[in-house]
Amino acid sequence: DFVKTDYSSVLSGKNYGGANGKEIIYSDSFPAWTKDPRLEFQHLSLEMLWYQNNVHKLRLPSLDVMKDAGYNYAWFLKTPVIDPPLALTQMMSYIQNHPLIDDINTETGIYYSSVNDMVQDAMELNCDAVANCTGLGSKSLREEKEKELIGGRGVTVHYNRSSMRIESGLTYENDVAVTTEEEPWGTVTDPAYIIPRGKVLLVGGTCHMGDEEPYPREKELTRMRRNAAHLGLIDTEKEDPINSW
């Protein structure tokens, strides 16, 4: 995650023989999730990131390109990777075999015209909770009085993992997830990111609450192409995304 702010003033170090020879002491300036030791979270200058990258050999924008864009620091961490279909299958198996579950049926053939109808049915079935996973379709289920339900929208595109790449100084072959929510490449509502996912690279993105446009806008696709070039070094002059949504 590329950032412009130096958080070093809230860190102190003790020798412990880790990856950078320091033990990071966390403060409230960092989110709580950074304290999870499994992530091996580090706040680094870009120079230190590239020094470590001599070992990791990750495909990153060049130091000069990042500096020219105004980024000076990075959050470097190991993220847990989840295979959603496998995780959902495992969760379903756990629920089906749980001793407190009386019945589970994912193919009822029942369709609801409103949230109230669904909630009423759930109450009659003694359900403890209802999860609304309808995405942009949630508006059609929303009752007039339920104005607090605001839909969100995100736009992403996929590129082939084998896409031709831009040669930018010293580059490596190992794809890595790269993100930023800071200008000029990203913002909180238009974050820039690239995430390796099997044979494709997921490039994003948007996070617009209340936006109900069902298809990607051309200006959004233009920004995704720019993110693909900046973060994934994809040669967008020669490569097109394989799909978008």
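So, aromatic pairs: this predicted model holds 7 of them. By a pair I mean rings of Phe, Tyr and Trp (for Trp, its six-membered ring) whose centres lie within 6.5 Å. Planes under 30 degrees apart count as stacked, over 60 as edge-to-face, and the rest as tilted.

Let's take one pair. The ring centres of tyrosine 71 and tryptophan 185 sit 5.2 Å apart with their planes at 55 degrees, so we call that pair tilted. Tyrosine 71 is in the loop between helix 2 and strand 3 (73–76), and tryptophan 185 is in the loop between strand 6 and strand 7, so this pair ties together parts that are 114 residues apart in sequence. When I say helix or strand, I mean DSSP runs numbered from the N terminus: H or I with at least four residues for helices, E with at least two for strands.

Quick word on the ground rules. Residues are numbered from 1 along each chain as its sequence is written, and side-chain values use heavy atoms, with hydrogens and water left out. Since we're on a predicted model, local features need pLDDT of at least 70 and side-chain atom pairs count only at pLDDT 80 or more, while totals for chains, interfaces and linings use all residues.

Okay, on to the backbone. Where do we find cis peptide bonds? One joins glutamate 183 and proline 184, with omega about 15 degrees. Proline 184 is in the loop between strand 6 (178–180) and strand 7 (192–197). Another cis bond joins glycine 204 and glycine 205, with omega about 0 degrees. Glycine 205 falls in the loop between strand 8 (200–204) and strand 9 (208–209).

Lysine 57 has a phi near 55 degrees; its loop runs between helix 1 (46–56) and helix 2 (63–68). Leucine 233 also has a phi near 55 degrees, and its loop is the one between helix 6 (218–232) and strand 10 (243–244).
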